[in-house]
Amino acid sequence: MDEPYIPNDAPFSEDQRAWLSGFLAGLNSRVSVGGQSKSPSSAAEVRPLDILFGTQTGNSEALANDAAAIARGKGFHPRVSGLDAVGMEQLSSMEHLFVVISTYGEGEMPDNAQLFWDELSASTAPRLESLKFGVLALGDTSYEHFCQAGKLMDTRLEQLGASRIATRLDCDVEFEDAANQWLQTNIPDAGGGITEPEVKPVKSSWTRKKRYPAVVSDNHNLSGANSAKEIRHVAFDLGDSGIAYEVGDALGVMPVNAPDLVEAWLERLGSPFDTEIAGKDQSLGTLLTQSLEISTPPKEALQALEPLVGDQEFSHVMSCGDREELHNFLWGKDLLDILQLNPTLKIDPAELVSWLKPLQYRAYSISSSPKAHVGEVHLTVAAVRWSYNKREHRGVCSTYLADQAAVGEKVEIFPMKNKSFGIPQDNSAAMIMVGPGTGLAPFRAFLEERREIGATGSNWLFFGDQHRECDFIYEDELLAMSKSGLLTRLQLAFSRDQAEKIYVQHRMIENGRDIYAQLEEGAYFYVCGDATRMAKDVDAALHEIIATHGDKNSDDVADYVAKLKREKRYLRDVY
């Protein structure tokens, strides 16, 4: 049977096109070539199964593709799509649905699930009595709202009358084995076999479980001598790894804990490096160096230490239930600081190890184009350092890269796809990019890529930091791009160079008329950087610009922004 035809110029996104293709294939499978209806029990019948993902870093999308492979093997025709590519009308037509969704930030929906959630949680959402569903939730127990997005999705689908195929699974950071077992167990058998050959997604041979030991080919400080920051440019030689990436992707980096912090822990525990731990195949020192998170206090350790430490304030914030009060108490402290609340308290090393979580990779936005830097991948990383209780504290991975990843050293890395953040397929489309500080990283890559492919669309960048004299990272490159015409407009906001602080959102407001005009003409709007404040301020500025220059009320502005998101023209990479 021929594949259903969808014109290339049809007004659908890539995800919507894939979903619709599967939907039409499911319908077509019920009709024979001669026009006669097939028997429902015919082995040639295709039974659709929808798999929707909400992701911020790609893990949920990868699991959705794993689920599709399992479903295909059980006789289904899987249709995989991002949540925001599916509307309520499409949802109403589904019979079997699996949702794979991660939780972002403090219990928030990932970016590519927010529009879907807004519609699903609205009073106008359709009843879904004919839908059978399962929810696979990804999260991190070190956050208070563990797997909150998945929990909300699961509850709302039930409220709308859908029935569960399986009880929701909430996965911690080590999710692969549990998630795949859950999918194998709960995706039902459709009967019959695979009716049409389908191309399975090609996975990289390098993953967070199997990382490539890349040689560091460059590592230098981009910040000036008088800067309060330390932003580093780190380049890796990809050698014979076969690693392929696209602009917009991220790179996973596996850190090693700082030697002096490990030494401080061993001294506090009164144990030598080679102390054996029952049930572990590594010594205590090796565990603390390579295998365990020893900085950010995990919930299990806090709960275990509270009655032992005997500190009044610590006990109060742990028992009062006030999240903000606990957050303020922990601010600036690492786990060793918590233990030091009672300097005489003795802790058994094996007990400590049982409280700690596995050391995790960190994801960084790639700041290079593979076409401009063949065989290399670049990162732009701010080394995080602060002092507390007369001891220097450090960001685990950022200072690992700054202090231990010298040129010639090997660092374990792996590529992380991000299909939700890339340059327009239309080379003539305009781009507006907002990326202060290290938020510039992917936009350096975008600009390099557009230069290499000869894209004709305009490129407008909003960049800022504290001081132009010492915080204008990649200044020579950006000014050269401006001079060549590649960077059509460069708007700068250095907050501390004048009495009144000026940020990128202020520059946006100043240029609001032109921003709105470009959006009306089909421009893509990008944001990268701090999610807590900057991204929210930029979003508020964008709403203000649309209201002012589009002469729209708040409801119309919300609809306008939602339309930008649906068309994949308002894209964010925030952290």
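Analyst: This is a predicted model. One place to start is Met433, whose bridge partner in S18 is Tyr526.

User: How many bridges join strand S15 to strand S18, and which way do they run?

Analyst: Four bridges join S15 (residues 431-434) to S18 (residues 524-529), and the two strands run parallel.

User: What order do the strands of that open sheet have?

Analyst: The order is S17-S16-S15-S18-S19, five strands with parallel pairing. S17 (489-494) and S19 (570-574) stand at the edges with a single partner strand each, so one side of each has no neighbour in the sheet. From one strand to the next, the twist averages 10°.

User: Which strands does helix H19 lie across?

Analyst: H19 (residues 512-520) lies across S15, S16 (459-465), S17 and S18. Its angle to S16 is about 140°.

User: Switching topic. What do S1, helix H2 and S2 make?

Analyst: They make a right-handed β-α-β unit, with H2 covering residues 59-73. S1 (residues 47-54) and S2 pair in the parallel sense over seven bridges. Within S1 and S2, Asp50 stands opposite Arg79.

User: Why is S2 largely enclosed?

Analyst: Six of the seven residues of S2 (residues 76-82) are buried, so the rest of the structure largely encloses this strand.

User: And the whole chain: how many helices and strands?

Analyst: The protein chain has 21 helices and 19 strands. Of its 575 residues, 52% count as buried. The chain exposes about 26,600 Å², and carbon and sulfur atoms supply 49% of that.

Notes:
Residues are numbered from 1 along each chain as its sequence is written. This is a predicted model: local features need pLDDT of at least 70, side-chain atom pairs count only at pLDDT 80 or more; totals for chains, interfaces and linings use all residues. Side-chain values use heavy atoms; hydrogens and water are left out. Buried means under 20% relative accessible area, exposed over 50%, partly exposed in between (1.4 Å probe, protein chains only). Two strands pair if DSSP finds at least two bridges between them. A crossover is right-handed if, with the strands pointing away from the viewer, the path from the first strand over the helix to the second runs clockwise. Accessible areas come from the Shrake-Rupley method with a 1.4 Å probe; for residues, only the protein chains shown count as cover. Axes are lines fitted to C-alpha atoms, for helices over the stretch in contact, and angles run from 0 to 180 degrees between N-to-C directions. Contact means heavy atoms within 4.5 Å.
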